[in-house]
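Reader: I would like to learn how to read a structure like this one. Please show it first, and then take the features in turn.

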Amino acid sequence: VGVGRIAASGRCDGAASGDTGMAAGTALFEVTGPNGPPPPAVADAGYNKTLQIAIPPTGAALQSFCGPATLANLSASGNQIKWYAAASGGTALSGTTSLVNGVHYYASQTVNGCESVQRLDVTAKVNPLPSTPVISEKKNCNGSAVLSTTSKGSLLWSTGAIIDSIYVTTAGNYTLTVTDTSGCKSSANYQVATSYNGYSASVGQQSNVQCFGAATGSVTVTA
């Protein structure tokens, strides 16, 4: 709250010629006509008015993103938010403006037709996505497979495993997600075509087989 003088035409920031900017909030101001301020008796009769000064929006000073992001991804709480490249002046930026890592962006809000003079200062942190993981497969004779990766970071397979290789016995799609130290993620899918069959064998034919001594018969095994 502040007290100041304003020209009869009025300004949203509560400032007038010769005055500095007012503090955000509701300010008491005195209407000044073309011939100067009114006499005290006139002022007391209703020339003292209140003026609403829009305060800046609120939000996190540092906002992080994974991969490419635009101004529309920034967050600020307020009414009719506008983003600028400078703390004062300038032209409002388009919501499609690409964010640049480490750059400051400034947000104003408009309340009852008055845009805030002060702006919220937000620094954008744009983290690159980790490389897409590469999955390799080693097939086993029985139809099973070992899927493995050399990707670094925190690993999570769709099976729930968190190691660099898994043993699979069922055909289907398997996903590996890699998370880096910034919390950014990248995933890859791998399709296993065959499923685990196992090994089996049966005795098809036997004739006059001796357990000890000379082999006098034969056994046919079918796999």
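Reader: What is the mean pLDDT of the protein chain?

Author: pLDDT is the predictor's confidence in each residue, from 0 to 100. The chain has a mean of 79, with 63% of its residues at 70 or more. This is a predicted model, in which local features need pLDDT of at least 70, side-chain atom pairs count only at pLDDT 80 or more, and totals for chains, interfaces and linings use all residues. Residues are numbered from 1 along each chain as its sequence is written, and side-chain values use heavy atoms, leaving out hydrogens and water.

Reader: Where does pLDDT stay under 50?

Author: Where pLDDT is low, the predicted coordinates should not be read in detail. One such stretch is residues 13-33, with 69 contacts (heavy atoms within 4.5 Å) beyond four places in sequence. Residues 41-49 also stay under 50, and there the model has 14 such contacts.

Reader: What is the order of the strands in the open sheet?

Author: Strands of a sheet pair through backbone hydrogen bonds, either parallel or antiparallel. Strands here are DSSP runs (E, at least two residues), numbered from the N terminus, and two of them pair if DSSP finds at least two bridges between them. The four strands run β4-β9-β6-β5, with mixed pairing. β4 (62-66) and β5 (82-84) are the edge strands, each pairing on one side only.

Reader: In which sense do β5 and β6 pair?

Author: β5 pairs with β6 (residues 104-108) in the antiparallel sense, over three bridges. Trp 83 has Ala 107 in β6 as its bridge partner.

Reader: Which charged end sits over the ring of Tyr 84?

Author: A charge sits over a ring if NZ of Lys or CZ of Arg is within 6 Å of the ring centre and within 35 degrees of the ring normal. Here the charged end belongs to Arg 119, 3.6 Å from the centre of the Tyr 84 ring.
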